[in-house]
Each structure stands twice: as structure tokens, then as C-alpha cells.
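The sequence and structure come first.

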Amino acid sequence: MLLTYFRGAWLAGDSGAPAAHIRIEYKGDVDLVTEADRRSEELIVGRIRERWPGHGILGEEGTRTQPGSEYQWYVDPLDGTTNFAHGYPVFCVSLGLARSGELISGAIYDPTRDELFAAEKGAGAWLNGNRIVVSPVKALAESLLGTGFPSKKRHNNPNIHFYQHLTLRSHGVRRAGSAALDLACVACGRYDGFWEFNLNPWDTSAGVVLVREAGGMVSDFSGGEFDIASHEVCASNGRIHPELLREFARVFAGTDLEPLPKAGA
Ligand code: IPD
Ligand code: CA
Ligand code: CA
């Protein structure tokens, strides 16, 4: 469904120009939402309720059902909305499931590459049916990392300092615009690590299960247990985790920081 919307809006017509643009609404200053976000949530929630009427659902576009039930779904009907709305083909659907507060499974689907990532606690992680594992990279200096900047709360977000600090100490930091896909990239070894501030349970739940089941590690920025409500996520192949956390501590402490260069200097 998302791909049909995307193609309809962005595939070039005879003139070579996009066929149409996606109609955007604003939930905040730069927090976009499209009809595709809402229709996708409707469809997913409808299917879950049909099959498991007693399960709780928390959806980014407003669904709140059966709070307090044993099973809880986290639904991001379109992760990467800004990309989607601009015709940049990096977006996905993300579904996470918790039982009694513990994340037990996750699925992330990237329609642009037809890639389905899935994981179940204790059973492993897969990409289109093939088992995936995190990367073998041992050193931060040889790592490719990912991060993101929130659509809300951009002011006073310290991440630009982390971005600069980690860029100077790795093969680079990508900012692709879909946190769920970023986590899936850690799980299948395309990235060695990922972190972000201020994410929500629908962004992280599925990806966290994927990374853990692919043999990786997920924590908060101090190495404490990942908490879905905490808005801090640091995921890696496990091997570079201590180094990554050490660098975070240095940025938080303000030690060894290269000042951000002045533009035009
Ligand atoms: C956003 C994406 C993005 C991240 C933002 C999220 P949305 O989700 O995951 O990568 O940096 O913080 O809000 O709004 O496209 O579902
Ligand atoms: Ca999201
Ligand atoms: Ca979303």
C-alpha cells in the first residue's frame, strides 16, 4: 500500500516530472504526516484487532486500545515520513510486540527494497527468510554508524555534538531518516552501531528485538538496560559497544570536544 502511494506520487510522468506530490499536514513545526501514515495505521490496526481483539495497541497516529493488556503492540505505520513525503526512498513499516512488558518480537518491512526483517525472542532474526547476524567489526575506527535527529524537539538537542565527535572517530555516521530501518541495518550488519535521542516505542520496539536476536546489544547512553520509555537508544554489534559508550561519556562530560567549526572559517 505504501509503495502504491509513493509510486503514484513520485513516478515520473511523460514530462519527466513527478506525477503529483504527496499532500502533507503538519503535526508540529517540522513533524509531517500524510494520508499514507493514517491509512497504513488503519489497515494494520484493523488486522491486529480482527485476529487478537484482546491485545493492546499503541500506534503513532493515535491508536490506543486495551491499555494494560498482557500483549502490547507498537505500530509505526510509516517510519521515515519526511523521506516519503519528499520522494526519498528510505521508509518502512515497523511493528513491535511486548508481552508483560518484555519485547518478544518485531517486524520491519521496507517496501522500496522488498525487504522484510523479522525477529522473535529466543528464535533469531531474519531478512526475507534468511538468518541475519550483526557485523564482526571490532573497532569504532572501522565502523559505519547511523543516527537521527527528531522531528520534534530539535531545539536544544545535543546530538550535533555526538554526530561531529563520532564522525571524526569512525568511517562515518549516516542520517538516513528512518530509525526503524537504522536498527534493522545494525541487525543485518550494514551498520555497526546506531544511537538516537527522543525516539518513541513505535520507532524502536521492533528494531531492538532484531538487534538483540541478531547477536547485538542495545542499551541507554550509559550502558544501562534499554527502557522503551526512556527516549535513549544505543544499539551496536556488541563488539564496539564499550568504545561507543566511552565516547558518549566524553561528549556528555564535554572533555576532548573539538569545537564545531565556524561556517566560512
Ligand atoms: C522519525 C524517523 C527518523 C527519526 C525521527 C522519527 P517518523 O519517525 O524514525 O529517522 O530521526 O526521530 O520521529 O516520524 O518518520 O515516523
Ligand atoms: Ca517513526
Ligand atoms: Ca511514523
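At 39% relative accessibility, Arg190 counts as partly exposed, where buried means under 20% relative accessible area, exposed over 50% and partly exposed in between, with a 1.4 Å probe and protein chains only. The model is predicted: local features need pLDDT of at least 70, side-chain atom pairs count only at pLDDT 80 or more, and totals for chains, interfaces and linings use all residues. Residues are numbered from 1 along each chain as its sequence is written, chains are lettered from A and ligands numbered from 1 in the order in which they are written, and side-chain values use heavy atoms, with hydrogens and water left out.

**Salt bridges**

- A search of the whole structure gives seven salt bridges, each defined as a side-chain nitrogen of Lys or Arg within 4 Å of a carboxyl oxygen of Asp or Glu.
- Arg190 meets Glu115 in a salt bridge at 2.8 Å, N to O. This pair links distant parts of the chain, 75 residues apart, with Glu115 in strand β8 and Arg190 in the loop between α5 (179-187) and β13 (193-197). Helices (H or I, at least four residues) and strands (E, at least two) are DSSP runs, numbered from the N terminus.
- Glu115 is buried, at a relative accessible area of 13%.
- Salt bridges that share partners join Arg169, Glu247 and Arg250 into one network.
- Lys121 and Glu102 form a salt bridge with their closest N and O atoms 3.2 Å apart. Lys121 lies in the loop between β8 (115-120) and β9 (124-127) and Glu102 in strand β7 (residues 102-110), so the pair ties together parts that are 19 residues apart in sequence.
- Lys121 is partly exposed at 45% relative accessibility, and Glu102 is partly exposed at 38%.
- Glu35 and Arg39 form a salt bridge, the closest N and O atoms being 3.2 Å apart. Both residues lie in helix α2 (residues 35-51), four residues apart, about one turn of the helix.
- Glu35 counts as partly exposed at 43% relative accessibility, and Arg39 counts as partly exposed at 38%.

**Calcium site**

- Donors are N, O and S atoms within 2.8 Å of the metal (3.2 Å for Na, K and Ca); water is not among the atoms, so sites may look incomplete.
- Asp79 lies in strand β5 (residues 71-79) and Asp203 in helix α6 (residues 201-213), so the pair ties together parts that are 124 residues apart in sequence.
- Asp79 is buried at a relative accessible area of 7%, and Asp203 is buried at 8%.
- The calcium ion (ligand 2) is 3.7 Å from the calcium ion (ligand 3), and Asp76 coordinates both.

**Aromatic pairs**

- The structure holds 11 aromatic pairs. Rings of Phe, Tyr and Trp (its six-membered ring) pair if their centres lie within 6.5 Å; planes under 30 degrees apart count as stacked, over 60 as edge-to-face and the rest as tilted.
- The ring centres of Phe221 and Phe248 are 5.2 Å apart and the planes are at 80°, so the pair is edge-to-face.
- Phe221 lies in the loop between β14 (217-219) and β15 (232-236) and Phe248 in helix α7 (residues 241-253), so the pair ties together parts that are 27 residues apart in sequence.
- Phe221 is buried at 3% relative accessibility, and Phe248 is buried at 0%.
- One aromatic cluster is formed by Phe162, Trp195, Phe197, Phe221, Phe248 and Phe252.
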